[in-house]
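Here's a quick briefing to read alongside the sequence and the 3D view. Take a look at both before you go on.

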Amino acid sequence: MKTLDIIKPENLVYKRTELMTDNTLSYCPGCGHGTAHKLVMEVIEEMGIVEDTVGVAPVGCSVLAYEFMDIDMQQAAHGRAPAVATAIARTWPNKYVFTYQGDGDLAAIGTAETIHACNRGENIVIIFVNNGIYGMTGGQMAPTTLPGMPSSTSPYGRDTCSTGSPLKITELVANLPGVYNVSRHAVHTHKHVRKAKKAILKGFQDTRLRKGLTLIEIVSNCNSGWKMQPRQSNEWMEENMFPFYELGDIKVDGKMINKK
Amino acid sequence: MAEIKLMKGNEALAEAAIRAGVDAYFGYPITPQSEVIEYLMMEQPEKTTGMVVLQAESEVAAINMVYGAAGAGKRVMTSSSSPGISLKQEGISYMAGAELPAVIVNVVRGGPGLGTIQPSQADYFQSVKGGGHGDYKLYVLAPASVQEMADHVEDAFEMAFKYRTPVLILSDGVIGQMMEKVQFKEFKPRWTDDEIYQLHGNWATTGKKKGRERNIITSLDLKSEKMEGRVHRLMKKYAQMEEEDLRFETIKCEDAEYLIVAYGSSARIAQKTVDLARAKGIKVGLLRPITLFPFPKKQLMEFTKQVKGILSVELSMGQMVEDVRLAVEHKVPVEHFGRTGGIIHTPEEILDALQQKLIKN
């Protein structure tokens, strides 16, 4: 029996979303970006909103997101995606607008745009992929790099005395009244993928209801930047990133979740 | 009968934007142009034409909002003054690269640095030589009256969409702040959603409709051959602008023996110099570029057959004068005169400079 013989409709248990193009992903093998991309596209496909959705890609590893997402997209200047998305959402109030940004883009150079778009409660979804490093430029220290974590610009480990502590921008913006949903997820296991997708779906559904801004942080690995094997990087992420960047809901339907 | 009003240049520009069917304005306060956003906030066009007006958190955010709305096929503009325009340069470069239509207004004040809030024309280089990074130009309009502050808004949008390029209205603190009578055009409706799908559906990101490829707004081409092709495409547009959309005005040039070249507020002042000179028997004419890019190069070259010398008058230490010199290829003497730092030259000072620099030699 050849492989093609078993590809029959009755045997179909999983189908790749049609909103991912056939272009080969530019991400390193083992990276979480591909899964995060797919989840966003699945939600858009399942909601049937592709004709009314505009995405905004950042500068960073996902600068070429528009090569993989088969939807209308704009590529924004470094850090400015929330400003770009603000204008699209304001001038096309019935559209679904989302940004897809990394931690350098969203939490360093784009801090002002992030905080003010959140504070205005723009009716957009922000997908924030946090891998604690600048991946695209070759593994430099990010605002989210953990204390003591080595990078090419903190080769002896991040020294919090001189570079500050990792910025938990997700918790920070959760306190702003305009922000409706904030949660933190991961995409390295089936369980985490399902939870992340649910949060993304809720974000887009709340956009439809004009509830305000949803920010979904996805803590992900950067095996190349961290100089690890993919599996090792996921283990390292669980052991080191998750205790600091705690997964789960932070704000739901405008209400802060008290975790104690 | 069209309405005639007495208004500040900045206010006239804002009113004209509402009437031109502009979809959105994103700005940030800075003297001497804050009246633009103040007027719009007071008028609340959101309730009449549906125009979005938003005060951004910075000039940087404002220009990137312009990028977003322009990329979604909307008529969108921003305004600022010199230091704020410097901050916008990255976004303007991105828009030029991504071929986005939008209008940016610079009500120039003196620099460098925080400089002064008084008028200046020292942003000429920044406006016509690029400003941001990379191989690009802007179509640059230079209003010289409150009436033109109003008229240039619609003209600018026409050019922005004809060429799918950012257009700069290079005003200055004099034109922005002074009051003159101004006649407005009738209200022009904003494009409907369907009109945008029809007019710009082949490039704007409005949501991927069935039966078409996805639309992508980007200035990135990692393949060098493609990037070079993109730049060549831009250069073709600029060449077409020079052929089809150069604008200038000549005043009393028919018998002129000396030519003053000036734009914006300096052109208004130099107009008086022309009369003062002629009262003294010196035949002076004025060439006023209305577009600074494209620049009236051929016309200036033509004048070398007629005039003995050219004086470039600008509220700067001499920027446009370099383009005048390039245009005339040393066929006649070209000199510069201008005050700077926020000081505005008088018609008499210009005449003195003309006599000392060109006639006595």
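**Where the two chains pair up**

Gln74(A) has Ile217(B), in strand E9(B), as its bridge partner. This is a predicted model: local features need pLDDT of at least 70 and side-chain atom pairs count only at pLDDT 80 or more, while totals for chains, interfaces and linings use all residues. Residues are numbered from 1 along each chain as its sequence is written, with chains lettered from A and ligands numbered from 1 in the order in which they are written. Helices (H or I, at least four residues) and strands (E, at least two) are DSSP runs, numbered from the N terminus.

- Strand E2 (residues 72–75) of chain A and E9(B) run parallel, joined by two bridges; two strands pair if DSSP finds at least two bridges between them.
- That pairing belongs to an open sheet of nine strands with mixed pairing, in the order E10(A)-E9(A)-E7(A)-E8(A)-E4(A)-E3(A)-E1(A)-E2(A)-E9(B).
- At the edges sit strand E10 (255–256) of chain A and E9 of chain B, each of which pairs on one side only.

**The interface between A and B**

- In total, 33 residues of chain B are in contact with 29 residues of chain A, where contact means that the C-beta atoms of two residues, placed from the backbone, lie within 7 Å.
- On chain B's side, the elements giving two or more residues are strand E2 (24–27), strand E3 (52–55), helix H3 (59–71), helix H4 (82–98) and strand E9 (216–217).
- H3(B) gives the most to this side, with nine residues.
- By class, the chain B side has 16 nonpolar, ten polar and seven charged residues; Ala, Val, Leu, Ile, Met, Phe, Trp, Tyr, Cys and Pro count as nonpolar, Asp, Glu, Lys and Arg as charged, and the others, Gly among them, as polar.

**Helix packing in chain A**

- Helix H2 (residues 33–47) of chain A lies across strands E1 (53–57), E3 (96–102), E4 (125–130) and E8 (213–219) of chain A, and runs at about 165° to E4(A). Axes here are lines fitted to C-alpha atoms, for helices over the stretch in contact, and angles run from 0 to 180 degrees between N-to-C directions.
- H2(A) also packs against helix H9 (residues 190–208) of chain A, at an angle of about 45° and with the axes 9 Å apart. That makes H2(A) oblique to H9(A) (angles under 35 degrees count as roughly parallel, over 145 as roughly antiparallel, 65 to 115 as roughly perpendicular and the rest as oblique).
- Among the residues making the H2(A)–H9(A) contact are Leu39(A) and Val43(A) of H2(A) and Ile200(A) and Phe204(A) of H9(A). By class, this contact has nine nonpolar, one polar and two charged residues.
- Helix H4 (residues 81–91) and helix H6 (residues 111–120) of chain A have axes that come within 7 Å and cross at roughly 35°.
- Pro82(A), Ala83(A), Ala85(A) and Thr86(A) of H4(A) meet Glu113(A), Thr114(A) and Ala117(A) of H6(A). Those residues split into four nonpolar, two polar and one charged.

**Buried parts of chain B**

- Ten of the eleven residues of helix H1 (residues 9–19) of chain B are buried, so H1(B) is largely enclosed by the rest of the structure. A residue is buried if 20 or more other C-beta atoms lie within 10 Å of its own, exposed if 12 or fewer, and partly exposed in between, with C-beta atoms placed from the backbone.
- Just after H1(B), Gly21(B) takes a positive phi of about 75°.
- Strand E4 (residues 76–80) of chain B has five of its five residues buried, so E4(B) is largely enclosed too.
- Val76(B), Thr78(B) and Ser80(B) point one way from E4(B), while Met77(B) and Ser79(B) point the other way.
- E4(B) runs parallel to E2(B), joined by two bridges, and pairs in the parallel sense with strand E5 (residues 102–108) of chain B over four bridges.
- Met77(B) stands opposite Tyr25(B) and also opposite Val103(B) in E5(B).

**A buried loop residue**

- Phe295(B) is found in the loop between strand E13 (291–293) and helix H11 (297–303) of chain B.
- Phe295(B) is buried, with 22 other C-beta atoms within 10 Å.
- Not counting residues up to four places away in sequence, Phe295(B) touches Pro289(B), Asp323(B) and Ala327(B).
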